[in-house]
Amino acid sequence: MTGLASAFRVLAATAATLLAVTAAAPVAQAKPEPKAPAEFVSLRAVDPTIIQEMRYPTGHDFMGEPVDGYRDPLCILTRPAAQALHRAQLRLLRQGYSLKVYDCYRPQRAVDHFVRWAKDLDDETMKGEFYPRVDKTRLFADGYIAEKSGHSRGSTVDLTLVRLPARPTAPYRPGQRLVPCYAPQAERFPDNSVDMGTGFDCFDTLSHTDDPRIQGVQRANRQFLKRTLTDAGFVNLAEEWWHYTFTPELFPDTYFDFPVARRSVAGH
């Protein structure tokens, strides 16, 4: 019995030592994700009628894969920008149209993902659709990719117009045949928007809002969108017919990195 009791005492002492070491060891904890400041909101909470076709959480973008930082397919913006879109939407609904957003707030980690992709000259998975006439070595020099984006400040949005009633957009199927983004509307990737002359995120000079080669209905559609958003307080980026920034910006010098996720704006 004495031998057994001694053995149990040794085991108990060993167990106590292990527990003490475990308790004293630092516990590795995941760094909490940043949340959006209170000035940011989900666009759907301000105007649920605006169509949302968020491209970057999907594989249908110029990289061919979901973009870092996009957890949920939703549009997040500063409240003044969202309210301005609401005012524009009310005007458009009376004329039989709706706005449709492709991208809104964009975290810095997503921009960093774009930069890494642009430096990988071997990855041209989606070239046939998004940049058929642009050599990938020119993406930075020509301004298609940059290390900072106004989207990360929260007041910039990529969008288009849809004639109501809106038809559903056919989903992208990975591996499907790619058609140049500047092809005739009936040939390029199907989109229920009005014809703007190119698809969204088309890396081509034809995407310049006032490119003189864009005429007729396509030019009229671009100008209709521009007039509507200009009246609501937005400024167009001349190189991209879909790109608008609400001014004055709440955060003109801050590039945020909270993820595009419902939890980022929960309670706002």
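Me: What makes β4 and β5 a pair, and in which sense do they run?
Reply: Two strands pair if DSSP finds at least two bridges between them. Strand β4 (residues 97–103) and β5 pair over six bridges, in the antiparallel sense. Strands here are DSSP runs (E, at least two residues), and helices are runs of H or I with at least four, numbered from the N terminus. This is a predicted model, in which local features need pLDDT of at least 70 and side-chain atom pairs count only at pLDDT 80 or more, while totals for chains, interfaces and linings use all residues. Residues are numbered from 1 along each chain as its sequence is written, and side-chain values use heavy atoms, with hydrogens and water left out.

Me: Which residue stands opposite K100 in β5?
Reply: T160 does.

Me: How do you know that β5 pairs with β7?
Reply: DSSP gives three bridges between β5 and strand β7 (residues 243–246), again in the antiparallel sense. In β7, T245 is the bridge partner of T156.

Me: Why is β5 called largely enclosed?
Reply: Buried means under 20% relative accessible area, exposed over 50%, and partly exposed in between (1.4 Å probe, protein chains only). Strand β5 (residues 156–163) has eight residues, and seven of them are buried, so the rest of the structure largely encloses it.

Me: Why is H113 called buried?
Reply: H113 sits in helix α4 (residues 108–119). Its relative accessibility is 7%, so H113 counts as buried. Contact means heavy atoms within 4.5 Å. Beyond its neighbours within four places in sequence, H113 touches M63, E65, P66, V67 and D68.

Me: Why is α3 called oblique to α6?
Reply: The axes of helix α3 (residues 79–93) and helix α6 (residues 216–231) come within 9 Å and cross at roughly 130°. That angle makes α3 oblique to α6. Angles under 35 degrees count as roughly parallel, over 145 as roughly antiparallel, 65 to 115 as roughly perpendicular, and the rest as oblique.

Me: Which residues make the contact of α3 with α6?
Reply: L85, A88, R91 and L92 come from α3, and F224, R227, T228, L229 and D231 from α6. By class, five are nonpolar, one is polar and three are charged. Ala, Val, Leu, Ile, Met, Phe, Trp, Tyr, Cys and Pro count as nonpolar, Asp, Glu, Lys and Arg as charged, and the others, Gly among them, as polar.

Me: How do you know whether F224 is buried or exposed?
Reply: F224 has a relative accessible area of 13%, so F224 is buried. Leaving aside neighbours within four places in sequence, F224 contacts L92, Q95, Y97 and L161. F224 and L161 are 63 residues apart in sequence, yet 9.1 Å apart in space, C-alpha to C-alpha.

Conventions:
Axes fitted to C-alpha atoms, helices over the stretch in contact; angles between N-to-C directions.
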